[in-house]
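Please walk through the structure below, starting with its charged side chains and moving on to the chain as a whole.

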Amino acid sequence: MPLKTYKDAGGNPIQFMEIDGIRYPYVEGVDQDHVVRVARAAKARDDDVVLITYAKSGTHWTWEIISMLCNGKAETIPTIKQMHMIEAISSDELTSLPSPRVLNTHFRFNDLPEDMRKKKTKLVLVHRNPKDVAVSHYHHHCKLEALYKYNGTWSEWLPLFLEGIVDVNSWFDYVKDWEKAIEEHPDHPIHLMFYEDMKEDLYREVKKLATFLDVSVSDEFCQNVAKLCQFENMKNNKKGLENEFWTNVWADRKPSFYRKGEVGDWKNYFTVAQNEQFDELYKQKMAGSKLKFRFEL
Ligand code: A3P
């Protein structure tokens, strides 16, 4: 099994499972290679919806919203999005999910199950500005101790993020890969959203999503979804839904996928020099991209 260990700038080790050059959290005792290959071969259903994100871009948040819209009920979903993540569950689990399935994944377009690409399964793609992603991803790697076995400082970790030696690899490559996929597959229904737009006006974004998903719901329903999915409400309402595995992987056995939920938290972490270095790299890596990110509201 391709378990790989790297060192951060301070010499602290960090571990990943690598499959075809892509990094995943390492889960002891699971044949992840097999799970990922089976996931890529999954069969699509006509009413599937797949949420696509780079890690820490608002997956839990958007999955909850899409699930409420597809269920036609503005009620907290009594499970966690990990149980609907294509590359994290077995093919039996995937098959036994009731329709309409709201799946989620960090896959790139070409890693999506071929059947989903062929059947043009509806995709919702959520992006978030990379500075806030970097900070959120740092906490994720430190807190999920059983998966990454990592304990370093922010400054020691940032170079790993810049090089893409993190879960899901380089943020820059990921968003550019999806930008290219959208250009090359104009007939594939892909709804692009931004975390910052959701923070700015969630009701507006829920309504746009409802239109894309072609679900007939009232304005009041969308208001209720937006309210239930505000950060504090989700943080409270989603408590205690994790299973044993998703509790035990956290450093203090206290799952915390709902950390701060803000735009601009990066300002509390980046030094002036780190920010300048980041902006320079961003300019180089994103040259030619039409994507526009907001780093503050
Ligand atoms: P922070 O670490 O910046 O707080 P993902 O679900 O893709 O792993 O993303 C996790 C990030 O989304 C975390 O960011 C988390 O707090 C934030 N998040 C989760 N639910 C949210 C919500 N309802 N509103 C805003 N942000 C949310």
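Arg-37 is partly exposed in this predicted model, with a relative accessibility of 38%. Its salt-bridge partner is Asp-33, and the closest N and O atoms of the two are 3.1 Å apart. Asp-33 also counts as partly exposed, at 22% relative accessibility.

The surroundings of the two partners can be read from their accessible areas. Asp-20 is exposed, with a relative accessible area of 53%, while Arg-40 is buried, with 17%.

A further salt bridge joins Lys-207 to Asp-219, with 2.7 Å between the closest N and O atoms. Lys-207 is in helix H10 (residues 202–213) and Asp-219 in helix H11 (residues 219–228), so this pair ties together parts that are twelve residues apart in sequence. Both ends are partly exposed: Lys-207 has a relative accessible area of 29%, and Asp-219 has one of 43%.

Salt bridges also occur as a network, which links Asp-197, Glu-200, Arg-204, Glu-205, Lys-208 and Arg-294. In general, side chains of opposite charge can pair when their charged atoms come close. The count for the model comes to 23 salt bridges. They draw on 41 positive and 46 negative side chains in the protein chain, and the centres of these two sets lie 1 Å apart.

The backbone has some features to note as well. Most residues other than glycine have a negative phi, and most peptide bonds are trans. Against that background, which peptide bond is cis? The bond from Ser-99 to Pro-100 is cis, with omega near -5°. Pro-100 is located in the loop between helix H3 (91–96) and strand S5 (102–105).

Lys-120 is not a glycine, yet its phi is about 50°. This residue lies in the loop between helix H4 (114–118) and strand S6 (122–127), and at 33% relative accessibility Lys-120 is partly exposed. Lys-149 has a phi near 50°, again a positive value in a residue other than glycine. Its place is the loop between helix H6 (145–148) and helix H7 (154–163), and Lys-149 is partly exposed, at 47% relative accessibility.

The description now turns to the whole chain. The protein chain contains 14 helices and seven strands. Its radius of gyration is 18 Å, close to the 19 Å that the globule rule gives for 297 residues, so the chain is as compact as a globular protein of that length. The C-alpha trace spans about 55 × 45 × 40 Å along its principal axes.

Of the 297 residues, 54% count as buried. Among contacts with a separation of 6 or more, 71% are between residues 24 or more positions apart. The protein chain exposes about 13700 Å², and carbon and sulfur atoms supply 49% of that area.

Terms used: Residues are numbered from 1 along each chain as its sequence is written. This is a predicted model: local features need pLDDT of at least 70, side-chain atom pairs count only at pLDDT 80 or more; totals for chains, interfaces and linings use all residues. Side-chain values use heavy atoms; hydrogens and water are left out. Helices (H or I, at least four residues) and strands (E, at least two) are DSSP runs, numbered from the N terminus. The radius of gyration is taken over C-alpha atoms; the globule rule is 2.2 Å times the number of residues to the power 0.38. Buried means under 20% relative accessible area, exposed over 50%, partly exposed in between (1.4 Å probe, protein chains only). Contact means heavy atoms within 4.5 Å. Accessible areas come from the Shrake-Rupley method with a 1.4 Å probe; for residues, only the protein chains shown count as cover. Lys and Arg count as positive and Asp and Glu as negative; His and the chain ends are not counted. The place of a charge is taken as NZ of Lys, CZ of Arg, CG of Asp or CD of Glu. A salt bridge is a side-chain nitrogen of Lys or Arg within 4 Å of a carboxyl oxygen of Asp or Glu.
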